Amino acid sequence: KDGLIISGASSYSRYQNGIEIEIDTRKEYRRNGFACICAAKLILECLKRNLYPSWDAHNKEIEEHTSE
């Protein structure tokens with residue numbers, strides 16, 4: 001938004017057949033689907049490259065929200 005990155009997904013670790021995924025969104029923009037959009041794009045890219053996209057939630061609230 002106006003040149004400001006508000007959400008993103010990246011890998012902080014790569015192993016032989018996959019990556020570990022990190023996703024974050026600026027606090028004031030959370031709960032708007034931006035993390036989902038970023039995650040989907042990264043996961044699709046992993047699948048194109050035959051990489052396993054590994055991700056787990058940082059806390060219980062996130063885990064419950066993403067499992068819906």
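Helix α1 has 15 residues, which at 1.5 Å a residue should span 21 Å, and the 22 Å between its end C-alpha atoms agrees with this; the expected span is 1.5 Å times one less than the number of residues. The helix covers residues 34-48, where helices (H or I, at least four residues) and strands (E, at least two) are DSSP runs numbered from the N terminus. The model is predicted, so local features need pLDDT of at least 70 and side-chain atom pairs count only at pLDDT 80 or more, while totals for chains, interfaces and linings use all residues. Residues are numbered from 1 along each chain as its sequence is written, and side-chain values use heavy atoms, with hydrogens and water left out.

Within α1, Ala-39, Leu-42 and Cys-46 are buried (under 20% relative accessible area, with exposed meaning over 50% and partly exposed in between, for a 1.4 Å probe and protein chains only). Viewed down the helix axis, the buried residues of α1 fall within an arc of 70°, so they line one face; the arc is that of the directions from the axis to the C-beta atoms. An α-helix has 3.6 residues a turn, so residues three or four places apart point the same way. Cys-36, Ile-37, Lys-41, Leu-44, Leu-47 and Lys-48 are exposed on the other side of α1. After the helix comes Asn-50, with a positive phi near 60°.

The cover over the buried residues of α1 includes β1, β2 and β3. Strands β1 (residues 7-15) and β2 (residues 18-25) run antiparallel and are joined by 8 bridges; pairing requires at least two bridges found by DSSP. These two strands form a hairpin with 2 residues between them. Strand β2 also pairs with β3 (residues 52-54), in the parallel sense and over 3 bridges, with Ile-19 opposite Pro-53. Together β2, α1 and β3 make a right-handed β-α-β unit: with the strands pointing away from the viewer, the path from the first strand over the helix to the second runs clockwise.

The largest nonpolar core comprises 7 residues, namely Ile-19, Ile-21, Ile-23, Ala-39, Leu-42, Cys-46 and Leu-51. Such a core is a set of buried Ala, Val, Leu, Ile, Met, Phe, Trp, Tyr and Cys residues joined through side-chain atoms within 4.5 Å. The elements giving two or more residues to this core are β2 and α1. Beyond its neighbours within four places in sequence, Leu-42 is in contact (heavy atoms within 4.5 Å) with Ala-9, Ser-10, Ile-19 and Ile-21.

Thr-25 lies in β2, opposite Ser-7, and counts as buried at 7% relative accessibility.
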